[in-house]
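Please keep the sequence and the coordinates at hand while reading.

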Amino acid sequence: MEYRTSCRCVLAAYGLVVGLAANLTGRALADSPLPNAQPGLVRVLILSGEGGQAWRETTPALRRILAETGRFDVKVSESPQGLNAQTLAGFDLLIDNGAGLTPGSDSEKAVARFVESGKGLLVAHGALGGSALPAFWPVQPGDGDIPLPPVRFLEVTLAQPDHPIVRGMAPFRTADTFPRGLLSSRASETIANAVDVQGTGDDRKSPAIVVSRRGQGRFVYFALGHNLSAMHVPGFMTMFARGAEWAATGAVTLPAEPAPSRPAPGAVRGLLITGGHDHEASFYSLFEGYRDLDWLPVDASTTAFRNDLRNKYDVVIMYDFTRDMDDLGKKNLRDFVESGKGVVVLHHALLNYQAWPWWYEEVVGGRYRLSPEGKTPSSSVKDHQQISVTPQGEHPVTAGIEPFQITDEAYKRMWISDRVRPLLTTDNPACDPLLAWIGPSDKSRVVVIQLGHGHTAFGHPSYRTLVHNAILWAAGKNQ
Ligand SMILES: [Zn+2]
């Protein structure tokens, strides 16, 4: 492969795109569980706090999905033990996203009576995983404790297309995972399935939405929504909100088509820099569908850094190849970095600014060698590699990412600083061992990802999650 400098990418079609649900930190959680809703809204209490740490991310996202429809008034309880008729009075719907309901407990009985009286319980993904589930749930554990498989591409198909939750919706594809081996309870009904499109075994298809009734009330089991990326897929948001409305009221008024996507308040402002190198148009799909991301594409680094960007953007995302920049551009980029803003360097942007040591030594912590340096030969590139990727340690950028396989282009013999913090490694001999890292800058949050040559990466669920996580973290979210 040769590196060209004449590429101008097709950008006109990608105006301001919008992004997604945003405040994904836990700071919106601490609402009083006391109902004080606007009249006419469905009053929801999300029960959270038990069963691992994922709820700190997923509960605010669920809350936002519901609140943004304008149909729900949503409260959150982080310590849902000791539920009784009094604490539940005034709500129409409970969402279990880690309530830790112990079978036989008074809380469990209170929830059962709440539903019987004509109300609803939605069991969300964050509630799953325990071995002892309340007997009244629409699903029950099968034989054995089957670990949650890694995130894969799933096709969400409609088993009951006329059910109000999914009526008018189309099947959709998502990158997600769901618990295996759960059995539908008797008298429950499967509304939608999730099919692992890469899978072959008997368990490649599993119920995604299961509903049942008790007394005058309704239960909905919702298997999907393992991480924030999965929760920001429009089909997920629509099904989740409609499932909540049906569980609470027995009817659905929310539309089958999601409202046009627009950035949520507080969305990350990203400047996406390309130019100087060919790339596939599907690259932009990495940034679409996220309401916590408001991004502007620009097709040349020199254009991007003509102005002071500090008040306009939270993060620059580099997928360009720029050999050099004038002094004004360098000053603006340096000011941006030193003001504490974020930088995400993707794939061939590792070739940038070969003659600017501050950039590759202090900010990026790595550089593709375009030519031999002393006895060290130039870096090498090899496409179509099967690469086994292993996350290293705990970091928000790799949160929710299991070891994965990807077909991508490998870089080898790069210069890499010993001051970087490893995020992803591989033992593929065509690659340097380090595939992603945090740059050494002590002023800015810098994420560097070597992977990302083409559609095999852009369409990979783990890569998509990785890039989304990297942008949020570099912008100062999810610290
Ligand atoms: Zn490439």
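The lining of the largest cavity is made up of five nonpolar residues, four polar residues and one charged residue; here Ala, Val, Leu, Ile, Met, Phe, Trp, Tyr, Cys and Pro count as nonpolar, Asp, Glu, Lys and Arg as charged, and the others, Gly among them, as polar. The residues concerned are P150, V151, N227, G400, I401, E402, P403, F404, S462 and T465. A cavity is a set of points, on a 1 Å grid over the protein atoms alone, where a 1.4 Å probe fits but cannot get out, and lining residues have an atom within 4 Å of a point. The largest cavity holds about 60 Å³ of space, and the structure has two cavities of 30 Å³ or more. Points are joined across faces, edges and corners, and the volume is the space filled by probe spheres set on them.

The model is predicted: local features need pLDDT of at least 70 and side-chain atom pairs count only at pLDDT 80 or more, whereas totals for chains, interfaces and linings use all residues. Residues are numbered from 1 along each chain as its sequence is written, and side-chain values use heavy atoms, with hydrogens and water left out.

Which residues coordinate the zinc ion? The ligands are H347 through NE2, E409 through OE and H453 through ND1, at 2.0 to 2.1 Å. Donors are N, O and S atoms within 2.8 Å of the metal (3.2 Å for Na, K and Ca), and sites may look incomplete, since water is not among the atoms. Along the chain the donors follow the spacing H-x61-E-x43-H. H347 lies in the loop between β16 and α8, and H453 in the loop between β23 (445-449) and α9 (455-458), so the pair ties together parts that are 106 residues apart in sequence. Helices (H or I, at least four residues) and strands (E, at least two) are DSSP runs, numbered from the N terminus.

The relative accessible area is 1% for H347 and 19% for H453. Beyond its neighbours within four places in sequence, H347 is in contact (heavy atoms within 4.5 Å) with residues including Y319, Y411 and L451. The side chain of H347 also reaches the backbone oxygen of Q450 at 2.7 Å. Although H347 is not a glycine, its phi is positive, about 50 degrees.

Another non-glycine residue with a positive phi is H384, at near 60 degrees. H384 is placed in strand β18 (residues 380-391) and counts as exposed, at 63% relative accessibility.

Helix α3 (residues 106-116) has the buried residues S107, E108, A110, V111, A112, F114 and V115. These pack against α2 (85-88), β4 (93-97), β5 (120-123), β11 (205-214) and β12 (217-222). After α3 comes G118, with a positive phi near 115 degrees. In α8, the buried residues are W358, W359, Y360, V363 and V364, and just after this helix G365 takes a positive phi of about 75 degrees.

F305 sits in the loop between α6 (301-304) and β15 (315-318) and is buried, at 0% relative accessibility. Its C-alpha atom is separated by 4.7 Å from that of G329, 24 residues apart along the chain. Leaving aside neighbours within four places in sequence, F305 is in contact with I273, V316, M318, M325, L328, G329, N332, L333 and Y353.

Notes:
Buried < 20%, exposed > 50% of the residue type's maximum accessible area, 1.4 Å probe, protein only. Polar contact = N/O pair within 3.5 Å; in protein donor to acceptor, adjacent residues only side chain to side chain. 1 Å grid on protein atoms, 1.4 Å probe; cavity = no way out; pocket = protein on both sides within 12 Å on 5 of 7 lines; lining within 4 Å.
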